Amino acid sequence: MREYLLVLFVAMATTFLLTGIARKVALRYGAVAKVRSRDVHKVPIPYFGGVSIFGGLIAGFAVASSLPFLGDSLQIAHDARAILVGGAVICAVGVIDDLVELDPITKLAGMVLAVGVMIVQGIQLYWLPLPGGIFSPPPSQLAVLTAGILLVSTNAVNFVDGLDGLAAGVTAIGATAFFTYSYVLNVEQNLDRATTSTMITVALAGACLGFLPHNFFPARVFMGDSGALLIGLMLAASTISLTGQMDPNAVPYEVGGSSLLPALLPLILPIAVLAIPALDLTLAYIRRTKAGRSPFAADKLHLHHRLMQRGHSHRRAVLLMYLWTALIAFGVVVLGLLLSVWTVILVLAVAVTAILLTTGLPRRSAKPLAKV
């Protein structure tokens, strides 16, 4: 655990320090977010925060490779290089988009290239946990499924990047939830605690936390597409890489037994972590296509926009999105690994609190005191 904490703090500190430099470079080359009708910021904000996040990931991976625990794994070293190469491609695509605003097709082609680079190097699903046992389709089908998951995750995080600190905070929460699941499961099942999944998620959480002081409302710098596309890809890659290192028979699959849910968590948790961004992506697709517009046509009807339309402040809307992300992601982890009456009550209590805070607590009308 100490090595993971070191990776976390190195990625966090590196990103924090690099963000100031990235901001100056963005201002110098005119990479700024102009004020548009659908935006909530009032003045132009510089981009390139994603470059500093990528720098934090590189630093975290470099430190991990030199540590006696994480650095001894050849599998982690191979996977880390493959994921960083794919990350470099997607970050470069985002930087170009931040500078010249690529059209949706060109941007999608860049995403497909980054995903393809990772899959060719072995970052893909190798099995699927299903009730009753392991399902292993042909490698070609698994590669297509992997590409779909990576692309959906990349775009989902990009869609949710609409308020200061939102994408970075949501990703940090999701990465921490998956790290918790992966680490606790490895401890309980006496498996190798050094995995690509845990290393990536802890570095990703650190990089996002290091970026948040610059990006939380009021933001001084945006991550831009170079960051939103990158962290979405990293989050999905971390979950997918787990199937390449975990023994599929390590967790018993007993339908109806207490071990079924932990066995299914590798399939359920990525969905839970990305539940809020994926829901926003799905609603946006339905809303735009139903109106006869392109799915890529931007609007101001995302979930975070609707929260602000209900009267929530900028910060409160972001914090509510954090709360819902944490509830879904950590709720699945807690119920999967520590299922009991008390954990169910705890999750339900947090859910009721989240609903009340989102919809607004009922206010009692003040009645004047009767005169005596």
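The model is a predicted one, where local features need pLDDT of at least 70 and side-chain atom pairs count only at pLDDT 80 or more, while totals for chains, interfaces and linings use all residues. Residues are numbered from 1 along each chain as its sequence is written, and side-chain values use heavy atoms, with hydrogens and water left out.

**The whole chain**

Let's start with the overall picture. The protein chain has 13 helices and four strands; these are DSSP runs numbered from the N terminus, with helices being H or I of at least four residues and strands being E of at least two. Of its 372 residues, 52% count as buried, a word that here stands for under 20% relative accessible area (1.4 Å probe, protein chains only). Among the contacts in the chain with a separation of 6 or more, 76% come from residues 24 or more positions apart. Contact means heavy atoms within 4.5 Å.

**Two packed helices**

Two packed helices are described by the angle between their axes and the distance between the axes. Helix α12 (residues 314-337) packs against helix α13 (residues 341-359) at about 165°, and their axes are 10 Å apart. Each axis is a line fitted to C-alpha atoms over the stretch in contact, and angles run from 0 to 180 degrees between N-to-C directions. Angles over 145 degrees count as roughly antiparallel, so α12 and α13 are roughly antiparallel to each other. On the α12 side, the residues making this contact include W324 and G331, and on the α13 side they include T343 and I355. Sorted by class, the contact has 13 nonpolar, three polar and one charged residues. In this scheme Ala, Val, Leu, Ile, Met, Phe, Trp, Tyr, Cys and Pro are nonpolar, Asp, Glu, Lys and Arg are charged, and the others, Gly among them, are polar.

**Some buried residues**

Here are four residues with their relative accessible areas.

| Residue | Relative accessible area | Class |
|---|---|---|
| C91 | 6% | buried |
| C208 | 0% | buried |
| A284 | 0% | buried |
| K107 | 15% | buried |

K107 lies in helix α4 (residues 104-120). Leaving aside residues up to four places away in sequence, K107 touches V93, D97, L102, D225 and L229. A284 belongs to helix α10 (residues 275-290), and its C-alpha is 9.3 Å from that of L303, 19 residues apart in sequence.

What about disulfides? A disulfide is a covalent bond between the sulfur atoms of two cysteines. Counting pairs of cysteine sulfur atoms within 2.5 Å, the total comes to zero disulfides.

How values were computed: Parallel < 35°, antiparallel > 145°, perpendicular 65-115°, else oblique. Buried < 20%, exposed > 50% of the residue type's maximum accessible area, 1.4 Å probe, protein only.
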